[in-house]
Amino acid sequence: MSFLNPLMLVGLGALSVPVIIHLLNRHHVRRVTWAAMRFLHASVARNQRRMNIEDWLLLALRCLLLALLALALARPTFQNTAAASWGRTTVTGLILLDNSYSMGMTDGMQSRFDRARKYAETIIDGLPATSKTAVWLVSDVARSLIPEPTRDLNLARKILRDATLSDRGTRLCPIIKAGIEMLQRHGGARREIYLLTDGQVGGWEELDETVKLLTANKRDIHLNLVIINDRENHNLGVSELRLANGLTPVDQSLRFEVQVTNFGHDDARNVAVRLAVDNEPASDQTVIDSVSAGNSKSVSLFIKLRTEGSHAVTAEIAGDRLAADDRRTLAVTATRRLRVLLVDGHAGRPPLETDTFYLRNAFAPVDPAAAGSFYLDPVTITPTELATTRLDDFSAVTLANVPDLSQATAAALLQYLRRGGGLIVFPGDLVNIQFYNAELAGRYAFLPATLGPLTEAPDDDHAFHLQAKDYDHPLVALWNDPAAGTLASARFTKAYQLQPVNTPDARVVVRFADGAPAVVERTVGQGRVILFASSANTAWNDLPVRPAFVPLLARSLGALLEQRNKASNIAVGDRFIYRATDDALGKDAIISHGEKLRQFRRVELVENQPVLLSEAIDLAGAYDVTIQTDPPLKLKFAVQVDPRESRLDPLSDSQLAQLGAVATIVHWQPDTPWLQSNPSTAGGWEIWRVLAYAALAVAVVETVLGQLFSEPK
Amino acid sequence: MPQDASAQLLDPVAIARAEALGILAREIVEGFMVGENKSPFHGFSIEFSQHREYAPGDDTRHLDWKVLGRTDRYYLKQYEQETNYVAHLLLDGSESMNYGSGKLTKFQYAKVMAACLAYVILLQRDAVSLNIFDTVARTIIPRTGNRDMIFEITAQLAAFQPTGGTGISPMLHTLAHQTRRRGLVIVISDLFDDEAKILDGIRHLRFKGHEVIVFQVLDPHELEFPFQGMVEFSGLEQLPKVLTRPAEIRKSYLGELENFLNFIRSGCEKNHCHYTLVNTAHSLHEVLSGYLAFRRRTATR
């Protein structure tokens with residue numbers, strides 16, 4: 001026998017209460033001087049024996065009542081099976097129903113999730129009377145449909161019938177831990193967790209820790225693992241979709257890279273891949289001859305975006321039994337012209353002496369006559385004009401040898417970056433290093449590095465170069481291929497020693513040959529900043545006249561815009577965050593996903609900035625957002641699944657054996673009721689209810705006898 | 001001091017009512033003074049009773065001259081004399097009389113009662129004697145018809161403090177032995193003694209021709225036993241303590257008391273003496289006037 005609330009056994013000390021009350025009452029005896037003692041003596045002599053018996057009987061009943069109450073509150077339980085002959089013990093249960101997207105694997109008739117729901121109902125049907133259960137939907141998070149155990153089992157059945165699949169991944173161990181913690185808050189001789197899952201190995205990353213946790217709680221809480229897995233060996237999925245260069249001009253052919261992964265155990269052949277925009281028929285398609293088991297293949301597909309604004313680009317393969325990973329959507333924002341603001345420290349000088357001459361030509365590398373129709377539109381201004389320029393009209397801003405900025409301009413630049421803007425910074429001889437380091441890197445914290453001492457080559461013969469190979473950053477990964485040319489040919493005579501700020505967002509893009517950072521970038525909110533160590537003109541280096549300068553700038557601009565697109569492409573389970581302009585503040589917004597989902601939100605002020613924030617999103621695909629401004633602002637964003645969930649490998653035999661030591665594992669089979677699958681459901685027997693009834697009976701008897709005994713005799 | 005004691009003990013209301021009704025002997029008592037009570041001895045007093053023939057030696061003052069003139073026969077007039085009686089007040093001064101749940105103890109109540117009776121008796125020119133006793137006679141005032149003696153009586157009553165045990169029966173027997181003339185014996189007591197012996201004493205007094213009146217004085221708590229909770233009863237007259245829950249034995253106690261009172265009451269009735277149970281919660285004048293009214297209704301005269 002054990003006790004669920006052993007502290008309550010302290011209540012047995014209450015047995016002394018009636019005796020103490022009796023002793024205390026001795027001090028409260030009324031004393032009377034009495035004349036008619038002869039009658040009193042006669043009466044007492046006649047009644048004393050009876051009264052003594054009654055007193056002892058009442059004392060025994062009161063002590064028994066207190067003992068029963070203390071024992072009932074301590075909740076004694078018997079763990080042996082012999083106790084089961086008294087009847088099945090009520091269960092305090094927690095049903096964990098896996099609704100990760102791998103549970104959507106179907107045999108053509110039913111998905112694993114459908115089977116799990118039905119099986120969960122049979123578990124509820126098999127629970128002893130007055131049992132109670134909670135119901136959580138679990139994936140990489142737990143969604144509590146019934147957070148705490150309820151005796152309303154019909155409600156639990158209805159909740160299970162109405163449960164829906166999500167596009168989330170699986171991470172069960174923290175959820176089991178949370179379930180154990182929840183059940184620990186509840187009493188009960190039998191506390192059971194029923195986990196219905198497909199047993200993907202990917203969902204049990206912290207298996208050892210979970211086994212330890214279950215072992216520690218083995219006495220109190222038992223895990224029943226129901227594995228619903230039909231050993232499917234075939235699954236192809238679109239594991240990645242991305243825009244090749246980050247730029248999304250209208251009516252330009254855009255290259256998208258689509259990665260298809262074979263998650264199954266057999267090779268796949270003739271895999272058709274299609275790319276479509278906004279639910280239109282496929283714009284481009286191709287066929288991958290073969291994808292070997294466990295490997296991925298990428299193909300490039302091209303589309304043109306016909307209109308400005310947000311678009312959803314979807315890559316799709318032929319449907320298989322797991323549909324959730326057969327398509328992947330990317331939200332992109334198309335613009336007819338990308339305007340790039342160039343702020344020139346030497347504006348007004350002859351063109352070759354300005355700081356932005358080479359930039360302007362690199363951004364629009366076309367004949368001046370055709371520059372007006374080119375999709376990139378560089379606009380040059382002076383530093384003083386920056387204060388009056390509306391930054392949101394530009395896709396990116398470039399500061400070339402700008403001495404410093406006003407506080408208001410720096411603050412506006414920070415807000416612009418947070419909203420998804422891009423910034424490229426080139427230093428020069430005019431730059432106020434103290435301002436850059438103290439304000440832009442320090443106070444406003446958007447510069448990816450501080451400017452250190454100026455490194456100068458004594459003469460041209462001792463000019464320094466950029467690294468020649470081993471480019472890690474995607475922005476310069478192109479030059480890992482020697483056929484693409486080289487960055488190392490550029491000669492540098494002056495450059496600041498960049499010291500990247502201490503934040504995980506800051507990354508070195510490329511270094512000088514001696515290892516010193518040459519280009520550093522960081523993300524700021526939804527925007528990105530790229531800082532060069534040397535000038536944008538040929539004063540300190542000859543990079544602007546090297547062939548690599550144009551693609552380097554184009555890729556830098558693409559990286560800046562890609563960062564903006566990242567905010568529109570979130571993972572399942574994340575919340576969509578849109579940093580709106582001030583005129584959208586307080587406006588209502590509708591977020592919709594076809595007929596499946598509709599959220600009504602409002603643009604609210606977060607950290608002094610208007611922000612539209614969705615709820616966490618469980619379903620993958622394209623979403624439409626309409627903010628009720630005048631005219632209404634229409635956006636799209638895409639939600640993408642975690643490709644790891646597409647890997648359907650089940651738990652290995654050794655892992656199952658490890659789990660089996662601390663849990664009951666039931667492999668689902670059609671038409672097998674729960675109790676037959678798991679006959680070991682007879683657990684401990686809890687007797688608090690019997691004790692409570694006994695205490696009630698004793699209380700009634702004591703009351704009746706007390707009343708009877710106190711009547712005059 | 002005697003006057004103060006009188007003022008304290010003589011309940012004006014009780015005395016006023018008692019005076020109006022008078023203490024009238026239910027039976028003819030043997031008096032020694034001319035009073036309001038009929039004497040069993042036909043003497044030569046005021047009220048004519050009958051004639052008898054003259055015999056030598058008779059006092060010629062009682063010859064009925066009118067009969068002699070009409071018939072020449074010698075007849076003497078005989079009168080029924082209005083005699084005074086002696087009322088013997090026996091007041092229980094045992095410690096058990098010292099109990100009282102309210103303002104008055106039984107003894108205080110009995111003292112007032114005795115004083116009132118003595119005053120009324122003296123007022124109607126009868127004689128009274130007082131005997132306050134416990135196991136023996138403690139205070140004795142011999143019979144007296146002097147009204148001024150009321151002050152002495154009340155002074156003695158006021159000064160007495162009950163301390164000893166109870167011995168009623170010896171007192172009754174002693175009185176029966178000592179008193180040769182028949183009279184009225186008024187016993188005021190709680191009668192917490194051997195009831196059979198008490199009745200023996202009453203029987204003895206009745207045998208001697210006394211009229212016996214018994215006032216059994218009890219406290220309302222003794223009659224009702226209304227105690228609740230745990231109570232420790234300390235016995236007067238050195239009886240051992242009792243710790244009990246009286247509410248649970250009330251019925252039994254009241255049964256015992258009822259048996260005792262019934263025994264006394266029936267014993268008194270058998271011996272043709274008046275028995276009155278006096279509850280000290282009731283006012284004295286109601287008790288006295290009630291009894292005297294009853295007595296007047298049942299008087300032979």
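In strand β11 of chain B, B:Asn279 is the bridge partner of B:Leu218. β11(B) pairs with strand β8 (residues 211–218) of chain B in the parallel sense, over 6 bridges. Two strands pair if DSSP finds at least two bridges between them. Strands (E, at least two residues) and helices (H or I, at least four residues) are DSSP runs, numbered from the N terminus. The model is predicted: local features need pLDDT of at least 70, side-chain atom pairs count only at pLDDT 80 or more, and totals for chains, interfaces and linings use all residues. Residues are numbered from 1 along each chain as its sequence is written, while chains are lettered from A and ligands numbered from 1 in the order in which they are written.

The open sheet has 6 strands in chain B, ordered β6-β5-β4-β7-β8-β11, with mixed pairing. Its edge strands, β6 (137–144) and β11 (274–279) of chain B, each pair on one side only. Neighbouring strands are turned by 15° against each other on average, direction ignored.

Helix α6(B) packs on this sheet and touches β4 (86–92), β5 (127–133), β6 and β7 (184–189) of chain B. Contact requires C-beta atoms, placed from the backbone, within 7 Å. The direction of α6(B) makes about 165° with that of β4(B). Angles run from 0 to 180 degrees between N-to-C directions; axes are lines fitted to C-alpha atoms, for helices over the stretch in contact.

Helix α6 (residues 168–178) of chain B also packs with helix α7 (residues 195–207) of chain B, at about 10° and with axes 8 Å apart. The two are therefore roughly parallel (angles under 35 degrees). Contact residues include B:Leu172 of α6(B) and B:Ile202 of α7(B).

Terms used
Parallel < 35°, antiparallel > 145°, perpendicular 65-115°, else oblique. Contact = placed C-beta atoms within 7 Å.
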